[in-house]
Every structure is written in C-alpha cells, then in structure tokens.
Amino acid sequence: MAHPAEPAPGAVPTSSVAAAVWELDLVTGALHWSGGMHRIAGSDPATTRPSMQWWTSLVVPADRARVRAWLLVVREGRRGSEEQFDLVGADGVLRRVHAWTEVEVDATGEATRLFGSAVDISAASAVGHRDPLTDLGTRHAVVAHLRSEADDARRQRVPGGAVLAVLDLDRFSVLDDALGRDTGDALLVATADRLRTAAPQGATVARLDGDSFAVVVGRDTALAALASGAHHRPGAGPDADGLAERLLAALRRPTRLPGRTEHVTLTASVGLVTTDGTEVDPEDLLRRAGLALRRAKRDGGDRVVHYAPGLGEAALHRVATETMLRSALDAERLRVLYQPVIDMRSGEVVGVEALARVIDPERGPISPALFVDVAEETGLVVRLDEWVLGRASTMAQQWSPPTSGAPTTIALPDTPPHPGLPTVAVNMSSKTLQRPDLAGLVRGALQRSGSDPSRLLVEITEHSLLDQGEGARDTLDGLTDLGVSVGIDDFGTGWSALSYLSALDLAFMKVDRAFVSRLGIDASASAVVQAVIDLAHAHHLTVIAEGIETEEQARMLIAMGCDHGQGYWFGRPTPEEELDDAIRAWHSRARAARFGAWALEPAAPPPRAAGSPAAALVAPRALSLRP
Ligand code: C2E
Ligand code: MG
Ligand code: MG
C-alpha cells in the first residue's frame, strides 16, 4: 500500500498538524503526537499525554499482541512496515486503523527514532467494526462477507454455495436476569470464543446483537474442508448441517460461571440459509436466516431450521394474528368458557377450568391454542391472562355448582371428605409468570372479587416452569403464599420429571389428553398413566386426567385411582350463564350411567305392584343425603 502521510525524517509533528503522525525519540523517550492521532484515538489533545503503552492499550485484545510485536520488530529489525488493526478510542468508538511505522538509525546502526502515521479506514472498510464485548465482527462483517461471496460467484460463474447460520441462545434473558449483567456478558464472551473455535478457518463469526450471533462460511472454506479430509461432497458447497451441528456441539459443553463453582449448559437455536446463486441480497439472506431462526425458537429451541419460502407466509400469518389479537384485547372482545372438573369417585363437580376465547369478528371465538405462540412472543398473552384472572376470581367468589341429588356423597367409605368449595382454575403463561408483580396482580384480583384464595388454582405447563429457570421456586412461592394452589398442566408433554417437580410446592397435576386418549386403544398407555398417577400420589399431588371423552376412559381412570377428571364426556367448555344447565345435564348422564355416587343406587327394581315390601326396602338407600 502507498504511504500517504509519512512525515519527513527529522520533522517534529505537533498536535496542530491535521495528519495523524507521531514520533518517538528512542534516546530521550519523548513522544510527539499530531492532532490527527488524537482524532483516531478519540482523545482530547488538551488533557491527554499519550504514551506508546497507552496507545497500544487502545487496540482491541484480539489485535493487541500482534501490534506490540509489530512495533518491536520494526525497532529491532530496523525496517519500517505497515499493519492494520482495530482499536476502541478513548471516546468508546471502534475504529479500524491502517498504520505505518519507520525507524531511523544512527551511524553505528543503533535505532534512535521511531515515527509513523495512521489512517482511520473504518468508513471505507465494511468490516471495520468489531463488537467491543466479544471482539467478534458485527453485522457489517456478515454483510461484507456475503457480498464478496456473491461477487466471486458472479465473476467465476459458479454457484455461490455460501452458508449463513444465525444463532440465538435459548433462554438467555432468564440467565441474564437471574445471574446479573456481568455474568451474562461473561457468558456471551464464552459463547463467542466457542463459536470462533468451532467455525472453520476463513469463516466470519459475528455478534449481531444481544445474544444472537452469525457465522458465514464461504465456498472456499468448503473446498478447504474437502482438502482437509472432512466429510464433504465435492461441489456441494459448505455442509450447512455439519456446520450448525459443530457450532451447537461447541456450545453444549458446560460453561463454568465466572466466580462460581456452578456450570451452565447453553443451547441455541439456529436458522440456516444456503445461497446457491448470485441473486440474493445479503440483507435478504439475513432476513431469511432470521425467519428460520424464529421457527427454531418457536419449535422449542435447541434445534436447527433451514430457511424455506413457506416460512415467509407463516410470518405474515403471525402478523395478521397479532393484529387480530391486539384489537380483540383493546375492544375486550373476549370471553371465558368454563369446563367442569369432576371428582371421579363421587361424580360430583368439584370445580371448573377457565378457558379463554378471543372473538374474531369474522371467525367467531378462537381458542388460545391457535394463537398461543403469537400471544407469547408479543407479550399479549399477559393481557389475556390478566383479564381471565379477573373474571375467574369473580366466578370463584360467586359460583357454586348445582347439587347432584346423588344418593350419597359421604357414605363412600374411602372417599376423602369433599372440600366443599368449588375451585376455578386459570391457565398462566410463562410470560405472565415472569411478571415481577405477579403476586400483587393475583392478590389484587382476589381482593377486588372478595374471593377466597383457596378457590383459585393456577395451571402452569411444564415448559413454562422450565422457562422460569432458577426463579421457578420464588415464582411459585409468591402464589402459594397467597393461599392459591399451583399445579402442572399437560403433564407428560414437557421434559420434567416428577422427582424434579416435587422440589416445588405443587398441589395438583393434570395428565395430558394425549395419554388419556390412548386408554383402551393401546395397552402401554394404561401402564404409563398408572405409573404417572402412582408417582404423583407418592408426591402428594392430586391427579386430574384431561380430555376424558368416553365412559370407558373414565372407568379405567377410576380403577387406576385417578382423583379428578375433565373432558367432553363430563361436559364441554361452556359460557358461565349455561354452566349450571350443563352440570345438571351431566348429573342426569351420571345417573343413567350409574357413575360415581349414582353407582350406589341399586338398579331400578323390577316392576311390582306399588307398596310392595321390596320397594320399601330399597327406598332408604335411594335417599339423598344432600338437600
Ligand atoms: P389446557 O389448559 O390443557 O386446556 C384443556 C384444553 O383441552 C381446552 O382447550 C379444552 O377445551 C380441551 N378439552 C377439554 N376436554 C376435552 C376432550 O374431552 N377432548 C378434547 N379433544 N379436548 C378437550 P382450549 O379451550 O382450546 O384451550 C387450549 C389451551 O389454551 C389450554 O390447554 C391452555 O393451555 C390454553 N389456554 C386456554 N385459556 C387460556 C388462558 O386464559 N391463558 C393462557 N395462558 N392459556 C390458555
Ligand atoms: Mg389448563
Ligand atoms: Mg392441559
């Protein structure tokens, strides 16, 4: 490269000189800096006394040793040369610098003077930015690499074949909040190191923002991988899956927390795009990788998703869903349906589960199952949960189920005494559980409605419990301290083990419909459900079976010792105003099926003449003990 601003030997640059030049007298140790040097160093000439030590300390850690060695080599080798490096100025700005250094020697060959110049090339260099925390490249580096891959492909008329992987750490914000910013930063630095080491040589590794990173592997790298004997099909471009697997495997190794004895295992979601031509703009590739990444997140994280055109449509659908949800919440186009929960032994209604519906003007009521991911992602679920909580608390205060008139509810020898008060269960999403004011929110709803806290149950899925991480216990304690019962919903769909759950103060557990629906079809389903019921009982949890649709399922569950049940066979989710009628309809079905307490009622006697002694005999047992 040309030498644009080399000072004439012997000249003494001063701080008024605009060019960035400097001079170090090796005999006296005096250092002179021009104003241009201060501009590059982001320092104030009036207050800063530069030293070589200070100047090289501005250089980013990744380049610092190289720059110091370079200066030493110039001095000892008596030969000038040039270097490029990044520095973070005293003003905190990251700059890419191109610098020249020359050496002057006296008649004996002794070095007497070092002098040099520097140019800020950040603006001209697309990769002239580094992430100050991790010392990785930034988004600019990714765009520049992708652009040069596309240019190469165009020039050589060979398909591009570069791979872009965008990674985002799973549940990082929970760790960051729980462990503090400094630990969070240290984890990001550790992640950066792992990725840097795992990525093939020549790859660009960058931090895009927060906990999201990108790796670009070009076509040449693929060829290098081939030469080194790595698994690779010739002409296939870089092995995208292999790359993603390598990156994830590097992250999965446990990371020691700074200043602590504990380790954490980080997982990440990855969105992958493989370019196969020159037509795609780098920004568009980043957008596509982002779509794939979001899908990987939504599918539970710790996975890799390749971009496919359908992902764009899915994203559009999500935006439409968000708009619908937001306007329904703003206009309170919402309602709650209540589904009865039955005591399996007595057949009595012991409570209800509150199930939200959002009313779309065109499509009518919509179950959260259809929009729960959008609601979670946008945080709108928090508003939904709050609204349902208010309604459900009022319901818990006002409502008691119609009595069944069953022959007896207390004469069953091993039925525990009925707690009497019906309960109302609400579903709470992970986002709502993360609210710092959760306990206050629930207390407020209970106070406004005047409801007894013991009548309110909170259902939490296994997934959202895991989302709480270390804070799960505090979250649950905040609720149980109010007198509210908390239980696990959809048990069996997450990854929790009951032994793990038993460390928390839980009151009940709902066995997911997926297990119940297999009863009677598949013999192993009974064994699984039986094991779950027994384990839950060993941990003193009430077991509620979900999605009971047939009498056969109900009877099998009773035989297994299941405590409570819920499902279409007992009653569908119903508006509040129709709930009592729905429960009465259940009572008459229970009577006909001789279910629960009705099972005690003897079969209708054979028709005899009225007033016969046999009719008198059965009469006392048919007496209801309830009003
Ligand atoms: P969930 O809490 O497991 O609720 C049970 C779901 O199973 C309900 O679906 C219910 O209608 C359905 N179901 C009940 N019995 C049967 C049956 O016998 N057969 C079949 N096939 N299905 C049955 P729904 O109301 O569509 O709610 C779906 C999910 O949406 C709920 O699953 C819950 O996770 C979530 N959800 C509902 N309301 C709320 C809410 O207010 N907040 C939050 N965060 N989530 C909610
Ligand atoms: Mg539920
Ligand atoms: Mg459930």
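Contact means heavy atoms within 4.5 Å. Helices (H or I, at least four residues) and strands (E, at least two) are DSSP runs, numbered from the N terminus. The model is predicted, so local features need pLDDT of at least 70 and side-chain atom pairs count only at pLDDT 80 or more, whereas totals for chains, interfaces and linings use all residues. Residues are numbered from 1 along each chain as its sequence is written, chains are lettered from A and ligands numbered from 1 in the order in which they are written, and side-chain values use heavy atoms, with hydrogens and water left out.

The chain holds 22 helices and 22 strands. Of its 627 residues, 48% are buried. Here buried means under 20% relative accessible area, exposed over 50%, and partly exposed in between (1.4 Å probe, protein chains only). Accessible areas come from the Shrake-Rupley method with a 1.4 Å probe, and for residues only the protein chains shown count as cover. The chain exposes about 29800 Å², of which carbon and sulfur atoms supply 54%. Contacts between residues at least 6 apart in sequence were also counted, and 63% of them join residues at least 24 apart.

Two magnesium ions were examined. Donors are N, O and S atoms within 2.8 Å of the metal (3.2 Å for Na, K and Ca); water is not among the atoms, so sites may look incomplete. The magnesium ion (ligand 2) is coordinated by E353 (OE), N427 (OD1), E459 (OE) and D489 (OD), at 2.0 to 2.2 Å. Along the chain these donors follow the spacing E-x73-N-x31-E-x29-D. E353 sits in strand β14 (residues 349-360) and D489 in strand β18 (residues 485-491), so the pair ties together parts that are 136 residues apart in sequence. E353 is buried, at a relative accessible area of 3%. D489 is buried too, at 5%.

D489 bridges the magnesium ion (ligand 3) and the magnesium ion (ligand 2), which lie 3.9 Å apart.

Ligand 1 has 24 residues around it, and S367, D385, D489, E549 and Y568 come nearest. A residue counts as near if one of its heavy atoms lies within 4 Å of the molecule or strand in question. By class, the shell has nine nonpolar, six polar and nine charged residues. Ala, Val, Leu, Ile, Met, Phe, Trp, Tyr, Cys and Pro count as nonpolar, Asp, Glu, Lys and Arg as charged, and the others, Gly among them, as polar. The largest share of the shell, four residues, comes from β14.

Polar contacts to ligand 1 were examined next. A polar contact is a pair of N or O atoms within 3.5 Å; within protein, one must be able to donate a hydrogen and the other to accept it, and residues adjacent in sequence count only if both atoms are side-chain atoms. A polar side-chain atom of E353 is 2.9 Å from an oxygen atom of ligand 1. A polar backbone atom of A356 lies 3.0 Å from a nitrogen atom of ligand 1. An N or O atom in the side chain of D489 is 2.7 Å from an oxygen atom of ligand 1. The protein covers 86% of the 800 Å² of accessible area that ligand 1 has on its own. Elements giving two or more residues to the shell are β14, α12 (380-398) and β18.

Other sites lie elsewhere in the sequence. Helix α5 (residues 172-179) has F172, V174, D176 and L179 as its buried residues. Their cover includes β6 (163-169), α6 (181-198) and α15 (462-467). G180 follows α5, with a positive phi near 100°.

T56 lies in helix α2 (residues 52-57). T56 is buried, at 3% relative accessibility. A polar atom of the T56 side chain is 3.1 Å from the backbone oxygen of Q53. Beyond neighbours within four places in sequence, T56 contacts R64, V67, R68 and L71.

H263 belongs to strand β10 (residues 263-264). H263 is partly exposed, with a relative accessible area of 49%.
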